[in-house]
Structure formats: C-alpha cells, structure tokens
Amino acid sequence: TGQTRTSLHLASTIGEPPQAVLSPSKATLNETQFIQFSCSAPVGTPRYLFTWTGPANSNPTIDYIINSNSTHSVLTISSAQVFTHTGTYTCNVTLDRISNLQRSSMAIANLTVQLPPAIVAFNDVVATILEMPTLTCIIRAEPAAAVTFLGLSGTAINSTSTMFDASRTGPDGNFTYIHQLTFLRAVVLDDAGFYTCAASNAAGDVMANSL
C-alpha cells in the first residue's frame, strides 16, 4: 500500500522588542507653563510596562504625574520650573513574554524651561556733584538676558564708551545676575534724571526706570 508522509515542524517565536515612541521629542517652554510627554507602543495583545526617568533634580512623586495603560503612558508637568524640570526624560517600554524573556526599548525627550527676565532691583541712586555713581540692575533670567542701560534721552548707553564702565556678575544658584553701570567721570546737575534698565531673552523682555 502506498503511504504519504508529512512532517511537523515546531518553531518558537520570540517577539520583537516594542518600539517606544515619545512625543514631543524636544520642547522649550517658559516657567510655570504646562506640558505633557506621551509615550506609546504598537497596539496589540501584549501588555507593556512603562517606566520613566526624569532630570536629576526632579522628584517623580511630586514634580510630575504619570498615567499609564497597557499601550500608552503620559507624563504631565503642570507648572514647569527651570531648576527642577529642565533636562532629559526617558520612557522605557518593556514587553514581558510568558517565557519570562523581557524585551524592551526606550525613547528620549529633552525639555528646556526658560525664565523670562524679571528685574529684581533697580533702585534710585543719590549722588553728589563730582561723585562717580554706579547704577545696579539685578535681573533673574534663564537663559541669561541681554541688558541695555538707556540714558536720559532714551538712547542706549554704549558699553564701550569711555564715560561709563559696564559689568556683569552671576548667575547665582537662583539664575540671578547683577549688571552695573558706573560713571567714569564726575557727575553734574545735567546728569540727574531717569535711567532705564532693559533686559530681554528668548522668553521675554522687561524694563524699569531708576532716578
């Protein structure tokens, strides 16, 4: 009698690692603004485990909120802070198979938090004739602000002028800079009046007057 043979081939399939997708991958915002990072994996039957890491200065229990399901995870920052939230965020997606073989991938996003310039102090200066006073403008900003002093006529005082000396120190740990403008000649009555400190960076601009 004739016989027909067939063969049975057994194959084990190991799933490909989940491809993590993080959006946005890069963001810039001003301090106190809101942002969400969304991390996802391909839709399917497997369940995924999402884990996040944030900047070294952040505390995941108080500085952001994470909500996840089997294929999606969202990290929410309700009020961004320069010191706390600027840095790199990593979403790691892990697929745990029945075989206990873990496959994972990760995606990275970078966040820059800016601080619009704020003039902390630009106080009036009282000087007597023949003195060489200094105007001091204290500014908090990130990134560092471009600062211009305006004279009595409202025109910018050239920092390279032989009549003035401009200097800057900082920042300190609170993103504060001290800008000073010193008269290099003795003042006269005609020098009395309002001087302006103007500061600007990518996040905004501000100005204040001093007498």
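Select Tyr-195 to begin: this residue stands opposite Ser-210 in β14. The model is a predicted one, in which local features need pLDDT of at least 70, side-chain atom pairs count only at pLDDT 80 or more, and totals for chains, interfaces and linings use all residues. Residues are numbered from 1 along each chain as its sequence is written, and side-chain values use heavy atoms, with hydrogens and water left out.

Next, display residues 195-201, which make up strand β13 and pair with β14 in the antiparallel sense over seven bridges. Strands (E, at least two residues) are DSSP runs, as are helices (H or I, at least four residues), and they are numbered from the N terminus. Two strands pair if DSSP finds at least two bridges between them.

The structure holds five aromatic pairs. Rings of Phe, Tyr and Trp (its six-membered ring) pair if their centres lie within 6.5 Å; planes under 30 degrees apart count as stacked, over 60 as edge-to-face and the rest as tilted. Select Tyr-64 and Tyr-89: their ring centres are 6.1 Å apart and their planes stand at 70°, so this pair is edge-to-face. Tyr-64 lies in the loop between β4 (48-53) and β5 (65-68), whereas Tyr-89 belongs to strand β7 (residues 87-96); the pair links distant parts of the chain, 25 residues apart. Both Tyr-64 and Tyr-89 are buried (under 20% relative accessible area; exposed is over 50% and partly exposed in between, with a 1.4 Å probe and protein chains only).

The remaining stops concern the backbone. Most residues other than glycine have a negative phi, and most peptide bonds are trans.

- Select Thr-32, in the loop between β2 and β3 (35-40). Although not a glycine, Thr-32 has a positive phi of about 80°. Its relative accessibility is 51%, so Thr-32 counts as exposed.
- Select Leu-130, in the loop between β8 (102-121) and β9. Its phi is positive, near 80°, and Leu-130 is exposed, with a relative accessible area of 66%.
- Select Ser-23 and Pro-24, joined by a cis peptide bond with omega about -5°. Pro-24 is in the loop between β1 (21-23) and β2 (26-30).
- Finish at Glu-142 and Pro-143, where the peptide bond is cis and omega is about 0°. Pro-143 sits in the loop between β9 (134-142) and β10 (146-150).
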